[in-house]
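I opened this notebook to record what I looked up in the structure. The entries follow the order in which I worked.

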Amino acid sequence: MNLKSSEMDIAGYAPKERGGAKMRLRGLVRKEFLQILRDPSSIAIAFLMPVLLLLLFGYGVSLDAEHVPLGIVVEEPNADTSGFIGAFMNSRYFDPIILSDEHEAVNALESAKIDAFVLLRQDFSKQIRTAGGAPIQVVVNGVDANNARLISGYIEGTWARWIEHEARMNGTETRTPVQAEERVWFNSELRSRNFLVPGLIAIIMTLIGALLTAMVMAREWERGTMEALMVTPVAKREILLGKLIPYFVLGIGGMALSVVMAVFLFRVPLNGSLLVLTAASSLFLLTALGMGLLISIVTRNQFVAGQTAIIVTFLPAFILSGFIFDINSMPQAVQGITHIIAARYFVAILQTIFLAGDVWSVIIPNALALILMSAVFLGISRRKFRKRLE
């Protein structure tokens, strides 16, 4: 009878006479929380890492081009050129630098002192009063193609506003066949930070969720405490839940801290429901914890588990989630790969909840994808975990 009972324990089934499942689970969760308090690295991962990464990326990563060093060359200064230069002087996008001639401007561009320059020819004042208008030469550093497009667009916009201003001052109408009235929805300030910070939260939670659990089982194996745990009358599902629940609570705490920083520090609007945000975050955190748990079960080494978590979860999430790079602009093959990246779905949910609100046509399909992925990772983790020594 003792032999059979021992075999049942090793197989992962807990005898009923040794205590209820709730009591055992409560003990495992309490033990894990005590371990967290003794080893503050988990607390640092859950709370310190979001703060550092949000500060680093929130202030360091920007898709806006502001205070661009712009060279301006005027071959014949006069009242017309002064008004034109003033339009750039009053723009927050440019820090104009007056240069003497085209040769100096070229040298400044080659030495990276300026990112672009505008050249006004001698006959500028005369040409702007003709039907054809005055040609303006614009030279932009195209090494960074995205930045070059932004600068070109800003120069054209500044030029257009100057033309409208001059027309109003002279009591004439601008000769444009179409008048565009722009309406910017969801991010009316056109701040890239409003777009980046919600996506950054998803990337941070991917890393935190995977690291929190990737180190857990591996640490048990390295310290030799897994052998002691296996001879106890607990089922493997209770062991897994005992590992997941405390780190789920930590992850939710880190998520709450990230949202508070996003709203009050980075001034990102939160137009959606906190309840929906919490539910979506819980689904994603279960997925991330499942990935980390699977990594820890397979590797059984803290260093390998940590490195694997970064390579397998953080890097794909950073590149392929749509956080910075538009998925629709990627090759078709790469777009297909993005469907197995959990952060892709959470980024879409976060950006929608923060900027647009509770748009269910976006939230529900992505939430269903997260439910499926969490079930897959947690299911594989349970299948891979064996309550026996190998």
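Entry 1: I note at the outset that the model is predicted. I looked up strand S1, residues 68-74, and found six of its seven residues buried, so S1 is largely enclosed by the rest of the structure. I then looked for its pairing. S1 runs parallel to strand S2 (residues 94-99), and six bridges join the two. As one example of a bridge, I recorded Leu70, whose partner in S2 is Pro96.

**Entry 2: the sheet.** I asked in what order the strands form the sheet. The order is S2-S1-S3-S4, which makes an open sheet of four strands with mixed pairing. S2 and strand S4 (137-140) stand at the edges with a single partner strand each, so one side of each has no neighbour in the sheet. On average, and with direction ignored, neighbouring strands here are turned by 20° against each other.

I next looked up the pairing of strand S3 (residues 116-120) with S4, which is antiparallel and extends over four bridges. Within it, Leu119 stands opposite Gln137 of S4. I also noted a helix on the sheet: H5, residues 102-110, packs there and touches S1, S2, S3 and S4. The direction of H5 makes about 170° with that of S3.

**Entry 3: helices H10 and H11.** I turned to helix packing. Two packed helices are described by the angle between their axes and the distance between those axes. For H10 (residues 236-265) and H11 (residues 274-299), I recorded an angle of about 130° and axes 9 Å apart. The crossing of H10 with H11 is right-handed.

I listed the residues that make this contact. From H10 they include Leu240, Tyr247, Gly251 and Met255, and from H11 they include Ser281, Leu285, Leu289 and Ile297. Sorted by class, the contact has 13 nonpolar residues, three polar ones and no charged ones.

**Entry 4: Ser281.** Is Ser281 buried or exposed? The cut-off for buried is under 20% relative accessible area; Ser281 has 6% relative accessibility and so counts as buried. Leaving aside residues up to four places away in sequence, Ser281 touches Met255 and Phe346.

**Entry 5: helices H8 and H11.** The axes of H8 (residues 192-223) and H11 come within 7 Å and cross at roughly 35°. This crossing, too, is right-handed. Among the H8 residues that meet H11 are Ala202, Met205, Gly209 and Thr213, and on the H11 side I noted Phe284, Leu285, Ala288 and Gly292. By class, 13 residues of the contact are nonpolar, five are polar and none is charged.

**Entry 6: the whole protein.** The protein has 15 helices and four strands. It has 390 residues, of which 44% count as buried. I also asked how many of the contacts with a separation of 6 or more join residues 24 or more positions apart. The share is 78%.

Key. Residues numbered from 1 in each chain as written. Predicted model: local features only at pLDDT ≥ 70, side-chain atom pairs only at ≥ 80, totals over all residues. Heavy atoms only, no water. Axes fitted to C-alpha atoms, helices over the stretch in contact; angles between N-to-C directions. Left-handed = near helix turned anticlockwise from the far one by under 90°. Contact = heavy atoms within 4.5 Å. Nonpolar A, V, L, I, M, F, W, Y, C, P; charged D, E, K, R; others polar. Buried < 20%, exposed > 50% of the residue type's maximum accessible area, 1.4 Å probe, protein only. Pairing = 2+ DSSP bridges.
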